[in-house]
Amino acid sequence: MIESRLPYEISLSPNAAAAPCARLVLKDRLKEWGLTELLEDASTVTGELVANAASLGQDFAVRLIPEAGALLIEVVDSSPNEPQIKDAFGDSDAEDGRGLLIVDALAAGWGVRRENGQKVVWARIVP
């Protein structure tokens, strides 16, 4: 079905349910798109990107874009601040700040761009 391969977007609020909700939607879409082999890495990356966006305290969106055998995950928010990879060997007591290290390790590529005045943090997941 051609329609089943269309990009999917969900709007989320910054709360504790955001990441689990995004991962549930991700699981359903990957199953529908026949990309379940990407689920483990895509779920982890989605959770990290959503946690970063939720920490900003404002609504945001998650886009899931199927590609030929791959998945593009985009998280869109209105923050002017770009995410930064934190030092893995810095403050060992820090409870956050290392999510982008995980994204960097699991994604084939990731980055940040501006689109219509909003920030888009993206990651590409491949088998």
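This is a predicted model: local features need pLDDT of at least 70, side-chain atom pairs count only at pLDDT 80 or more; totals for chains, interfaces and linings use all residues.
Which handedness does the crossing of α1 and α2 have? The crossing is right-handed.

**First stop: α1 and α2.** Select residues 18-33 for helix α1 and residues 39-54 for helix α2. Their axes lie 9 Å apart, and the helices pack at an angle of about 150 degrees. Angles over 145 degrees count as roughly antiparallel, so α1 is roughly antiparallel to α2. Now show side chains at the contact. From α1, pick Ala18, Ala19, Ala22, Arg23, Leu26, Lys27 and Leu30. From α2, pick Leu39, Ala42, Ser43, Thr46, Gly47 and Val50. Coloured by class, the residues of this contact come out as 8 nonpolar, 3 polar and 2 charged.

**Second stop: α2 and α3.** The crossing of α2 and α3 is left-handed, whereas that of α1 and α2 is right-handed. On the α2 side, select Asp41, Thr44, Val45, Glu48, Leu49 and Asn52. On the α3 side, select Gly99, Leu100, Ile102, Val103 and Leu106. This contact of α2 with α3 has 6 nonpolar, 3 polar and 2 charged residues.

Select Tyr8 and Arg29. What sits over the ring of Tyr8? The charged end of Arg29 does, 4.7 Å from the ring centre. Finally, how many aromatic pairs does a search of the whole structure find? The search finds 0.

Methods:
Residues are numbered from 1 along each chain as its sequence is written. Side-chain values use heavy atoms; hydrogens and water are left out. Axes are lines fitted to C-alpha atoms, for helices over the stretch in contact, and angles run from 0 to 180 degrees between N-to-C directions. Helices (H or I, at least four residues) and strands (E, at least two) are DSSP runs, numbered from the N terminus. Angles under 35 degrees count as roughly parallel, over 145 as roughly antiparallel, 65 to 115 as roughly perpendicular and the rest as oblique. A crossing is left-handed if the near helix is turned anticlockwise from the far one by less than a right angle, and right-handed if clockwise. Contact means heavy atoms within 4.5 Å. Ala, Val, Leu, Ile, Met, Phe, Trp, Tyr, Cys and Pro count as nonpolar, Asp, Glu, Lys and Arg as charged, and the others, Gly among them, as polar. Rings of Phe, Tyr and Trp (its six-membered ring) pair if their centres lie within 6.5 Å; planes under 30 degrees apart count as stacked, over 60 as edge-to-face and the rest as tilted. A charge sits over a ring if NZ of Lys or CZ of Arg is within 6 Å of the ring centre and within 35 degrees of the ring normal.
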